[in-house]
Amino acid sequence: METAPSAIMQETPTQPPEAPQQVVVQSPFQQEVTVQTPSKDQGQHSTLSSVIVHHVDLEQTTTPEPTMEAGHSSSLQQTTAPPPKHPEVTLAQPNLTQLTVPPGDLGVNISQQPRPSETVLFPSTQYSVSTGLPGVKYTPEKKQPEQNATTNISICELCTCKNETLSCVGLSPKRKLHRVPEPEPNAYKGTFTIINFQGNSISYIDESIWKAYRWAEKLILSENYLTELHKDSFEGLLSLRFLDLSCNKIQSIERRTFEPLPFLQVINLGCNLLTELSFGTFQTWHGMQFLYKLILNRNPLTTVEDSYLFKSPALKYLDMGTTQVSLTTIESILMMTLELEKL
């Protein structure tokens with residue numbers, strides 16, 4: 001059903017009545033046309049009907065109640081949706097070109113060419129901008145956050161997955177990893193026991209990221225951009241035995257950082273920016289029972305205050321070359337590390 005507007009004014013209020021069972025359209029000559037909508041036993045829609053407003057290249061959908069009344073007069077046209085729980089649209093414009101009421105699905109389509117200053121309302125957004133017109137608000141769409149360039153690529157396409165080894169070495173600058181990747185559930189049928197992320201741009205370790213690598217025994221994170229280690233940085237790597245963190249930018253290590261690694265045997269912290277090992281750095285509930293090799297060389301290290309390091313029962317090899325620790329510290333290490341074979 002199409003109704004032609006009069007010369008200057010049309011008014012179309014949209015209201016939510018209690019019994020949305022019919023659509024009434026009145027013309028200036030008081031002719032009345034009634035379109036019966038389907039009854040409940042004929043599959044009446046329980047959802048709300050749609051109003052679609054085409055605005056240049058934008059499309060907007062609201063959901064008022066399913067009854068619409070149209071009345072025509074001769075000086076102004078207005079389309080008003082009173083504020084229900086659904087989003088509000090108020091439009092003031094000169095020409096209403098088409099009003100279509102399909103009897104089957106209670107859909108109401110209004111096609112028009114509005115002026116650039118009129119309303120476009122997106123119900124899913126959270127904030128509005130005033131346009132300077134009464135009752136007119138502009139609500140922009142929210143942009144999706146930009147994703148890391150490598151997140152849409154399968155980890156085994158970007159890296160090498162074979163022989164229980166995940167190797168992400170030698171990637172081009174644009175493809176270097178900035179975070180530890182999380183493998184897809186079906187990316188590799190086996191388990192990874194060796195993980196090599198050497199020479200990437202990883203600067204932060206996300207919480208709980210290692211759950212997918214729970215069987216890893218060797219982890220290489222050398223030549224990245226890590227600046228600090230936390231007590232949950234290695235949470236989930238229960239089977240880890242070899243940890244290479246050399247040549248990062250590590251300046252601080254939080255107390256109990258190595259507690260999630262009860263079977264750790266080798267730690268390489270060489271070539272970083274450590275100036276001190278504060279009390280509790282190597283403190284754990286299990287006492288680092290298997291740690292036999294620790295490399296701390298090429299650090300601006302001056303202070304070693306962690307007695308837990310000296311008490312490591314299996315420590316045999318300690319490398320503190322090219323550091324600035326005092327002779328007193330060296331004597332303390334020699335006195336307290338009972339199993340040490342090479343310093």
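User: In this predicted model, are Cys159 and Cys168 buried or exposed?

Analyst: The model is a predicted one, and in it Cys159 and Cys168 form a disulfide with their sulfur atoms 2.0 Å apart. Buried here requires under 20% relative accessible area, and for both Cys159 and Cys168 the class is buried.

User: What is the handedness of the disulfide of Cys159 and Cys168?

Analyst: The handedness is read from the torsion about the S-S bond of Cys159 and Cys168, which is about 105°. Because of that torsion, the disulfide of Cys159 and Cys168 is right-handed.

User: What is the handedness of the disulfide between Cys156 and Cys161?

Analyst: For Cys156 and Cys161 the torsion about the S-S bond is about -100°. It follows from this torsion that the disulfide of Cys156 and Cys161 is left-handed.

User: How many residues apart are Cys247 and Cys271, the pair that links distant parts of the chain?

Analyst: A disulfide joins Cys247 to Cys271 with an S to S distance of 2.5 Å, and with 110° about the S-S bond this link is right-handed. Cys247 lies in the loop between strand E18 (242–244) and strand E19 (252–253), while Cys271 lies in the loop between strand E20 (266–268) and strand E21 (276–277). The pair thus links distant parts of the chain, and the separation of Cys247 and Cys271 is 24 residues.

User: Which pattern do the disulfides of the protein chain follow?

Analyst: The count comes to 3 disulfides. With bonded cysteines counted along the chain, the disulfides follow the pattern 1-3, 2-4, 5-6.

User: Which backbone oxygen does the side chain of Thr281 reach, and at what distance?

Analyst: Thr281 lies in the loop between E21 and strand E22 (293–295), and with a relative accessible area of 2% Thr281 is buried. Leaving aside neighbours within four places in sequence, Thr281 is in contact with several residues, among them Ile253, Phe258 and Asp306. The side chain of Thr281 reaches the backbone oxygen of Ser278 at 2.7 Å.

How values were computed. Residues are numbered from 1 along each chain as its sequence is written. This is a predicted model: local features need pLDDT of at least 70, side-chain atom pairs count only at pLDDT 80 or more; totals for chains, interfaces and linings use all residues. Side-chain values use heavy atoms; hydrogens and water are left out. A disulfide is a pair of cysteine sulfur atoms within 2.5 Å. Buried means under 20% relative accessible area, exposed over 50%, partly exposed in between (1.4 Å probe, protein chains only). Helices (H or I, at least four residues) and strands (E, at least two) are DSSP runs, numbered from the N terminus. A polar contact is a pair of N or O atoms within 3.5 Å; within protein, one must be able to donate a hydrogen and the other to accept it, and residues adjacent in sequence count only if both atoms are side-chain atoms. Contact means heavy atoms within 4.5 Å.
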